Amino acid sequence: MSGGISRRRLLGWTGAGAAVAGVGAVSGYTLGRSEPDVASPGYDIVDFRGTYQAGIATPSQNELYFTALDLTSTGKASVQRMLSQWTTAAERMTRGLETAENGALPRNPEAAPADTGETLDLPASSLTVTIGFGSTFFDKLGIPERRPAELADLPGFAGDRLEPARSGGDICIQACANDPQVAVHAVRNLVRIGFGTTAVRWAQLGYGRTSSTSTQQPTARNLFGFKDGTNNLKAEEPDLLDEHVWVQGGDGPDWMTGGTYLVARRIRMHIETWDRTSLNEQETVIGRTKGSGAPLGGTGEFEPANFAAIDANGTPVIPASSHVRLASAESLNGVKILRRGFNFVDGSDDRGHLNAGLFFICFVRNPHTQFVPMQRALAANDRLMDYIQHTGSAVFACPPGVAEGEYWGQRLLEDAV
Amino acid sequence: MSRRSVATLLTAGAAVALAGCTSTAPPAAPPAGGASAAAGGPITVQAADTACQVSAPEAPAGTITFNVTNGGNKVTEFYLYGTGDRIMGEVENIGPGLTRQLIVEVPDGGTYTTACKPGMIGDGIRAPFNVTGDAARSVDTNTKLAEATAGYKRYTTSQVEALVPKTQEFVDAVKAGNVDQAKSLFPVARTYWERIEPVAESFGDIDPRIDGREDDERDPGATFTGYHRLEKDLWVDGLQADSGQVADQLMTDIKDLQARVATVELTPVQMANGAKELLDEVATGKITGEEDRYSHTDLWDFKANVEGSQGAVAALRPVIDEKDPTLGPVLDERFAAVEALLENYRVGDGFRSYTDLTEDDIKKMTEAVDALSEPVSQVAGVVTS
């Protein structure tokens, strides 16, 4: 241990130079681009505590590890104890520290290390850890009266092929970071703390954000090669976030005020068939050009789509069945969502096809008035549905931010008698 | 496991309890304090298939002697438990009509539990047993650690004493060509083996011969022998020309183990790590169906591994309670949860075949073992803190 650099010490001497190191990393990453990517690999620490949970309106990091857990204990005290231990460990990890003091290298060599150690030499990497509670959580703890109505099951959508082993869950943990090792480490250690109270139901590793959640970030591409989420809500739009994302006082139970609802969908992409599709067809399906990401008929990515435009034959320039039209606020009576998606590749399937796609996450004030109408429209008419299939689905109520001295979910569990 | 690093903790020689046939048990040494040795005379236990009559509900602290007579039709066991089912002493494998003696030193007053286990399964027929006063002794940590290692030594000794005759029965059945009888004895004999496997594994040469798998890499000239070779003969290939020879070799190896176990002394750290390794065995060998791949009697081994882990943890319990009072209750709860889960799979005196388990069953077992293994993994650090 004496010769090694502890994670803490590393941070100590990078603390002052953090901004510089961050910029250095950014300039390498964004070479040739106009906008700097503030969430590039670096030494940034995202505050764990605040009005809202981190990892929602935080500029999207590049890497994701997401897990859904089931309660194996229905004792409220053991769940509270776990959430309290999670809070301590997560707050430390987001600062680039081990889950506990000397956790990875305990002074007593006979003790099993409390921290698993694989991030010892790594910086905080903008780690955020976000949790939410599923509908079944409230039943298992015997507090169904505390469940928000917004957690009602989603309806079935045309073309869904949901796998129970990739759906649902009592609690979710979303860990985002600019280093996958840091994101996985966070979940792995919380899962370990949870043994006896929770067990993993499913998990998803994601890489390469497919949404920008800040105007400072360039729009990334999904595995179809298209810029994705251009019209996403952004952190710099607080009024819109209040309107579409953050649960407001009076919306539902008080403990959710300042919280939001997370909808996760594992969207398998039929990569091989898409790749054989002509550029013209791909652009028609999406409704944007593949190069710049401009709406069809437009020239710049952020140019508003002209859904009224018709070509010489009198047909819409942006087809009625195109993804961008069906998902637009214009088609959905002004509905907007805050997206936070990631590519995934889970190796190949047993037929040799890429088992890949997009792990879609969105945050909304009410899934049933925002996500549901959007997904219903897409599932029914979107030509993209020929190339994708939803294989997993879950909805979680993410409580508001953790105030000083509080633990995750305290307002839910301690008002409940 | 090194045998050199041990002994220092045992110099006090504090706790001595002997379990076994009165005819073969070595004489009982008086306890270190000597204050209340033999006070009150032997307590008689009338064990039946549905009853466990203990002649006195209490005894003064010090050396307590139980004469256990099995008047039932099933083979039985008798235990004296402390907190967290810490085994103060036990006699195993008491056949119908036999009387055996348990001499146990209990220096601390308090409430204990007696239990007869007709059929050698389950929690047994239990009753509270009160120990009054305290025997004179010092109770510093080293004393507790010494008592813990001595207590675990009692446990391993008692297991080997049952392992030898049960394996003999199994070997005899194989050699007599009684396939059905041999099949029913296979998981029973292995139970005693699986409870103390880390101790047996500490003798590096003996474990591969007794418990090796067909696909293990071996020294040149060594062949596939032991329990699993006979398992394959019984369940898959039919008895072979050399099955009797393999059975004889197994018996020789088990007796060799018995002689070696008599000399081995484990440290508290080795005991704690052994408790963890037994659960690792469950996770990698039993829940996967790997270990008993021909007979699919993995759940018997699963149960035995958990019991062996609990035996080691229970012996360390007074030290754990002194160092971290929050850990013991968690261990109690999680051991109980695994045992309760396994009871769902019980069929008669045994368990459901591994091949009858669903993916959901296996996930539940994995969750329960994960839940237990985390606190058990803390024991080594706690007892050395």
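1. Let's start with how H1(B) and H2(B) run: the two helices are roughly antiparallel to each other (angles under 35 degrees count as roughly parallel, over 145 as roughly antiparallel, 65 to 115 as roughly perpendicular and the rest as oblique). H1(B) covers residues 141-175 and H2(B) covers residues 179-195, and they pack at an angle of about 160° with their axes 8 Å apart. Axes here are lines fitted to C-alpha atoms, for helices over the stretch in contact, and angles run from 0 to 180 degrees between N-to-C directions. Helices (H or I, at least four residues) and strands (E, at least two) are DSSP runs, numbered from the N terminus.

2. Before going on, a word on the model: it is a predicted one, where local features need pLDDT of at least 70 and side-chain atom pairs count only at pLDDT 80 or more, while totals for chains, interfaces and linings use all residues. Residues are numbered from 1 along each chain as its sequence is written, and chains are lettered from A and ligands numbered from 1 in the order in which they are written.

3. Back to that helix pair. H1(B) passes H2(B) in a left-handed crossing (left-handed if the near helix is turned anticlockwise from the far one by less than a right angle, right-handed if clockwise). On the H1(B) side, the residues that meet H2(B) include Leu163(B), Phe170(B) and Val174(B), and among their counterparts in H2(B) are Leu185(B), Phe186(B) and Trp193(B). Two residues are in contact if their C-beta atoms, placed from the backbone, lie within 7 Å. By class, this contact has 12 nonpolar, 3 polar and 3 charged residues. For the classes, Ala, Val, Leu, Ile, Met, Phe, Trp, Tyr, Cys and Pro count as nonpolar, Asp, Glu, Lys and Arg as charged, and the others, Gly among them, as polar.

4. H2(B) has another partner, H8(B): they pack at an angle of about 30°, with their axes 8 Å apart. H2(B) and H8(B) are therefore roughly parallel to each other, and H2(B) passes H8(B) in a right-handed crossing. Pro187(B), Arg190(B), Thr191(B), Glu194(B) and Arg195(B) are what H2(B) brings, and they meet H8(B) residues including Trp300(B), Asp301(B) and Glu307(B).

5. His296(B) is found in the loop between helix H7 (268-286) and helix H8 (298-323) of chain B, and has a positive phi of about 60° although it is not a glycine. With 19 C-beta neighbours inside 10 Å, His296(B) counts as partly exposed (buried means 20 or more other C-beta atoms within 10 Å of a residue's own, exposed 12 or fewer, partly exposed in between, with C-beta atoms placed from the backbone).

6. On domains: the assignment for chain B gives domain 1 (7-137) and domain 2 (158-383), with bounds that come from an automatic or database domain assignment. Each of the two puts 15 residues into the contact between them. On the domain 1 side, strand S1 (18-20) and strand S7 (87-94) of chain B are the elements that give two or more residues, and S7(B) supplies the largest share, 4 residues. That side has 6 nonpolar, 5 polar and 4 charged residues.

7. Over to chain A, which has 11 helices and 9 strands. Buried residues make up 47% of its 417 residues. Of the contacts in chain A with a separation of 6 or more, 73% are between residues 24 or more positions apart.

8. Chain A has a helix pair worth a look too: the axes of H3(A) (residues 76-94) and H5(A) (residues 180-194) come within 10 Å and cross at roughly 155°. That makes H3(A) roughly antiparallel to H5(A), and the crossing is right-handed. The contact of H3(A) with H5(A) has 8 nonpolar, 3 polar and no charged residues.

9. Asn102(A), in the loop between H3 and strand S2 (128-133) of chain A, has a positive phi of about 55° although it is not a glycine, and is partly exposed, with 16 other C-beta atoms within 10 Å. Val395(A) lies in strand S9 (residues 388-398) of chain A and is buried, with 25 other C-beta atoms within 10 Å.

10. Finally, where the chains touch: the contact takes 10 residues from chain A and 12 residues from chain B. The chain A side divides into 5 nonpolar, 3 polar and 2 charged.
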